[in-house]
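Subject: Structure handover

Hello,

Here is the structure I promised you. Please open it and keep it beside this email as you read.

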Amino acid sequence: MANTSAVPSATEERRPSAIAKRIGVSIALVTGSVVLGLAFAVALGFGVAAATGGLPADFVSVLDLVTTQSGFAIVALGFLGGVTGWQFVEIRRPTRSELRLVAPSLATVLTIEALRQLAVRQGYVGVAGTLSTPGEMSATAVAILLGATVLLAPPVEELFFRGVVQQYVADVASPAVGIAVATILFVPVHGFGILLTASSLMAAVVVVLVLAVLSTVLGMAYARTQNLAIPIAIHAGYNLLAVFVAIGVQQVSLTAEFPVF
């Protein structure tokens, strides 16, 4: 990478102790982000409830998503600004060859998601999602939530998990190890939503596997291009299109009682 403060020395590179240290730092970053997001959720939730006389149930999911992403964004930006330097993460206008990775990557993860939704419809596995939503949501809440899942979550999560965690570990290990660590940490942060929405253990396991595949695809895209714009595009496309895959397969309304998010 261009920033020398984040580049390991020849003696540090690939040493087990250096790898373990950076994995430990990555775990601490994720933990700090989650705690910060929860603190924001509690503070903002109480504040809104006090000001309005109560937080509408269909906006709880929006609050959850926004505060969670705020925690990731603040920790990632703080780490880049205080530890690695801003040049550690590379994001630029994609080239044509880089853009050619987007379609097959999206096709892979959306096919897997479509198969999961089909299995749910046929009754082979239960319903599960990554974000708990109420039985009915207003059109306004759905629009805000959909917008946040497409425009907010992808850039923030890709900055954190691919730009910071994956690259930070890969610099002293290998791209494969970086991808693996980022994936192992990416999946559990969606665990609370899975626990709230999963109708069975098998349903939860299947969603975890889909998330693992998604994270691996995103990690491979970043490792290959070293351009954060590519995994952001794939992630945003997946979050948007997966909603309509679910609606198409399940044949339900966007505001119906179904965890499409």
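Helices here are DSSP runs of H or I, at least four residues long, numbered from the N terminus. Bear in mind that this is a predicted model.

Start with Gln226. This residue sits in the loop between helix H8 (201–225) and helix H9 (229–250). Most residues other than glycine have a negative phi. Gln226 is not a glycine, yet its phi is positive, about 50 degrees.

Next, Gly71. Look for it in helix H2 (residues 60–84). Gly71 counts as buried because its relative accessibility is 0%, and buried means under 20%. Beyond its neighbours within four places in sequence, Gly71 is in contact with Ser33, Leu36, Gly37 and Phe40. Val35 is 36 residues away along the chain, but its C-alpha atom is 7.7 Å from that of Gly71.

Now the charged pairs. Side chains of opposite charge can pair when their charged atoms come close. The whole structure has four salt bridges.

- Glu158 and Arg162 meet at 2.8 Å, N to O. They are four residues apart in helix H5 (residues 139–170), so about one helical turn separates them. Glu158 is buried at 0% relative accessibility, and Arg162 is buried at 0% too.
- Arg116 pairs with Glu113, with the closest N and O atoms 2.9 Å apart. Three residues apart in helix H4 (residues 102–122), they too are about one helical turn apart. Arg116 is buried at 8%, and Glu113 is buried at 5%.
- Arg92 bridges to Glu90 at 3.5 Å between the closest N and O atoms. Arg92 is partly exposed at 34%, as is Glu90 at 27%. A network of salt bridges links Glu90, Arg92 and Glu98.

Best wishes

Note on methods. Residues are numbered from 1 along each chain as its sequence is written. This is a predicted model: local features need pLDDT of at least 70, side-chain atom pairs count only at pLDDT 80 or more; totals for chains, interfaces and linings use all residues. Side-chain values use heavy atoms; hydrogens and water are left out. Helices (H or I, at least four residues) and strands (E, at least two) are DSSP runs, numbered from the N terminus. Buried means under 20% relative accessible area, exposed over 50%, partly exposed in between (1.4 Å probe, protein chains only). Contact means heavy atoms within 4.5 Å. A salt bridge is a side-chain nitrogen of Lys or Arg within 4 Å of a carboxyl oxygen of Asp or Glu.
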